[in-house]
Amino acid sequence: MFFDRPDSGESAVLVHLKLGSESQREDPREFEELVLSAGGDPVAYIMGARDVPHARTFVGSGKLAEIKVQVDEQCAEVVMFNHALSPSQERNLEQELECRVLDRTGLILDIFAQRARTHEGKLQVELALLQHIATRLVRGWTHLERQKGGIGLRGPGETQLETDRRLLRARIKSITARLEKVRKQRDQGRRSRKRAEIPTVSLVGYTNAGKSTLFNYMTESTVYVADQLFATLDPTLRRLELENVGPVVLADTVGFIAHLPHKLVEAFKATLEETLNADLLLHVVDGASDERDSNIAEVQDVLTEIGAEGIPQLQVFNKLDLLEQAPRLERNAEGRPERVWLSAATGAGIELLLQAIAELVGQDMVSEELYLDPGQGGLRAAFYSMGAVEREDYDDAGVACLRVHLPRADWNRIMKKGPEPLF
């Protein structure tokens, strides 16, 4: 039997099982937040436990009957599972429950589809959705005749399926090519920043940790902020001036989540490369969350998956206003900044964060006081063109005393061009 899917599932029955076979269990509270973020209205939450999922319907016959009762009583439009379902399990459940069934991966994809705002973000979401749908096409054509292929034996169902699969493959190929072009453009921008010796600092962290709020406060931007999961999908880059360091590029990126579907990681590679090529990662943590430690571990897992585990990190414990503690900067045994406690909502502790970033990305900087005679005007102009001059004085003989601060690479390049200054 084939059921037309509604445009949106408002009233939802949620299902969460504790499985003995799961090494890492999903969080039922986080699942409810995901449903609310997608615009769903949870009308019932059914929980249970099994050693292993049922091969045909994931849940047992008794639990299936319980879900059916709630669907009928609440007039629910969708049943959402806090687990990954196989295509056949989704199809069987829809036949039994006579309503739409969605698993955790499908729910996250739906949220991403709602949040994508830029052309690139929409392409990335569409790619992940098409890859997900490709394994579930058969359910859409079960009302048509199903016959095996062969001369004289091709039914309309198989013909339509093959047509859809061919169209899907063509669309996936087209999107992949366009995203590759985007990736090359981003790579070109990163190479330009690298040539200009401008460090990149990337915000990473669990979804809803407050990355965009922090980003807006630091850069005086207006990136979309909401108390919901996956409010940010599209990467945003802003220039930030740091005292004694100069310009850095700050990147706001998509939040991570436990067991982030691999299809999404693959589709968002162009976005995640902003993280992969950063000079410093600001790992933003919801300091007031009960799941703080497990969320940190999940983010580290995703960073390892994309190959960014070796990039220097600074942990930023946000939402300090909810803990009623004073902002502080913690250092490791070598004296390097390791952890900052702040509140992005109130701005308390932001100056400590800027200080820590300046120390970590500005380590290879040169601060010198040098003397230039009147014939070294070209050298003086070079320092000024880079914005490296902090102070300038002249003596009676016309010798300029310059106090400069600039990256070592720029210092070495300037020193090669002009005559040696006096120190």
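Analyst: A residue is called buried when its relative accessible area is under 20%, exposed when over 50%, and partly exposed in between, using a 1.4 Å probe and protein chains only. By that criterion, 48% of the 423 residues of the protein chain count as buried. The model is predicted, so local features need pLDDT of at least 70 and side-chain atom pairs count only at pLDDT 80 or more, while totals for chains, interfaces and linings use all residues. Residues are numbered from 1 along each chain as its sequence is written, and side-chain values use heavy atoms, with hydrogens and water left out.

The protein chain has 13 helices and 14 strands, where helices (H or I, at least four residues) and strands (E, at least two) are DSSP runs numbered from the N terminus. Ser11 is buried, because its relative accessible area is 13%. A polar atom of the Ser11 side chain lies 3.3 Å from the backbone oxygen of Cys75.

Contact, defined as heavy atoms within 4.5 Å, extends the picture: apart from neighbours within four places in sequence, Ser11 touches Asp41, Val43, Gln74, Cys75, Ala76, Glu77 and Val78. For the protein chain, among contacts between residues at least 6 apart in sequence, 68% join residues at least 24 apart.

Conventions:
A polar contact is a pair of N or O atoms within 3.5 Å; within protein, one must be able to donate a hydrogen and the other to accept it, and residues adjacent in sequence count only if both atoms are side-chain atoms.
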